[in-house]
Amino acid sequence: MTATLREHHEIDAGDDALLAQIRSGDSQAFEQLFRRYAEPLYDCAYGYVGSRDVAQEVVQQLFVTLWERRRVWQVSGTVVTYLYRAVRNGSLNALRDDRRRVPLKERVCEAPGIEQELEAADLARAVARIVTRLPERCREVFRLNRYHHLTYAEVAQVLNLSVKTVELHMARALRELRARVKAD
């Protein structure tokens with residue numbers, strides 16, 4: 001990911017202005033929105049579907065639909081929350097339509113000969129294995145918060161949960177991670 005979502009949150013006000021321009025048919029504003037969010041949304045979709053092609057299709061379909069429906073596009077909350085919710089729903093629909101879950105591939109770059117990087121890669125693989133074993137909702141909350149840098153409130157909006165429920169899922173995920181990493 002070239003830019004973190006935390007950086008994107010700082011330009012949420014700009015997102016509202018882009019939304020108004022997009023509604024009026026401004027293709028350059030639409031392209032700006034696409035460039036700002038396509039990559040992190042792709043990463044999010046990939047976390048659900050485990051396939052680069054399907055993740056790319058989910059994100060592309062989202063933006064095609066947004067452009068086609070730009071005049072009636074309604075956003076409750078922030079644009080970033082809306083986009084993540086749409087990608088989550090599109091990913092779940094793709095999984096349902098496909099009727100099989102593609103295993104999540106581990107994405108860890110290793111640099112041979114550098115001990116610290118090998119240890120970090122081993123830890124990343126262990127964390128990825130543990131995260132895949134978490135209950136589905138707990139796993140979703142963890143991924144959105146830790147991998148996509150959404151706040152608890154934003155995760156709550158995306159998953160249609162209370163903030164307290166998000167906090168409980170994160171506490172459970174972190175407790176499970178600590179216990180299993182120590183055991184490995």
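This is a predicted model: local features need pLDDT of at least 70, side-chain atom pairs count only at pLDDT 80 or more; totals for chains, interfaces and linings use all residues.
1. Asp15 belongs to helix α2 and Arg36 to helix α3, so the pair ties together parts that lie 21 residues apart in sequence. If you look for the two residues in the structure, note that both Asp15 and Arg36 are buried.

2. How many salt bridges does the structure hold? There are 6 salt bridges. Glu140 and Arg88 are both buried.

3. For another kind of pair, turn to helix α9. There, the side chains of Arg180 and Glu176 meet in a salt bridge at 2.5 Å, N to O. Because Arg180 and Glu176 are 4 residues apart in helix α9, about one helical turn separates them. Elsewhere, shared partners join the salt bridges of Arg88, Arg137 and Glu140 into one network.

4. Arg88 deserves a visit of its own. Arg88 is part of helix α5, and its relative accessibility of 10% is under the 20% limit, so Arg88 counts as buried. Which residues does Arg88 contact, leaving aside its neighbours within four places in sequence? They are Tyr48, Arg137, Glu140, Val158 and Leu159.

5. Now for the nonpolar side of the picture. The largest nonpolar core has 46 residues, and those with the most contacts inside it are Leu41, Phe63 and Leu144. The element that gives the most is α3, with 12 residues.

6. Setting aside neighbours within four places in sequence, Phe63 is in contact with Phe30, Leu33, Phe34, Tyr37, Ala38 and Leu41.

7. How do α3 and α4 meet? Their axes come within 8 Å and cross at roughly 145 degrees, and α3 passes α4 in a right-handed crossing. From α3, the contact includes Phe30, Leu33, Phe34, Tyr37, Ala38 and Leu41. From α4, the residues taking part include Val59, Leu62, Phe63, Leu66 and Trp67. By type, the residues of this contact divide into 18 nonpolar, 2 polar and 1 charged.

8. Finally, have a look at Leu83, which is placed in helix α5. With a relative accessible area of 0%, Leu83 is buried. Not counting residues up to four places away in sequence, Leu83 touches Tyr37, Leu41, Leu62, Leu66 and Trp73. Leu83 and Val158 are 75 residues apart along the chain, and 8.8 Å separates their C-alpha atoms.

Technical notes. Residues are numbered from 1 along each chain as its sequence is written. Side-chain values use heavy atoms; hydrogens and water are left out. A nonpolar core is a set of buried Ala, Val, Leu, Ile, Met, Phe, Trp, Tyr and Cys residues joined through side-chain atoms within 4.5 Å. Buried means under 20% relative accessible area, exposed over 50%, partly exposed in between (1.4 Å probe, protein chains only). Helices (H or I, at least four residues) and strands (E, at least two) are DSSP runs, numbered from the N terminus. Contact means heavy atoms within 4.5 Å. Axes are lines fitted to C-alpha atoms, for helices over the stretch in contact, and angles run from 0 to 180 degrees between N-to-C directions. A crossing is left-handed if the near helix is turned anticlockwise from the far one by less than a right angle, and right-handed if clockwise. Ala, Val, Leu, Ile, Met, Phe, Trp, Tyr, Cys and Pro count as nonpolar, Asp, Glu, Lys and Arg as charged, and the others, Gly among them, as polar. A salt bridge is a side-chain nitrogen of Lys or Arg within 4 Å of a carboxyl oxygen of Asp or Glu.
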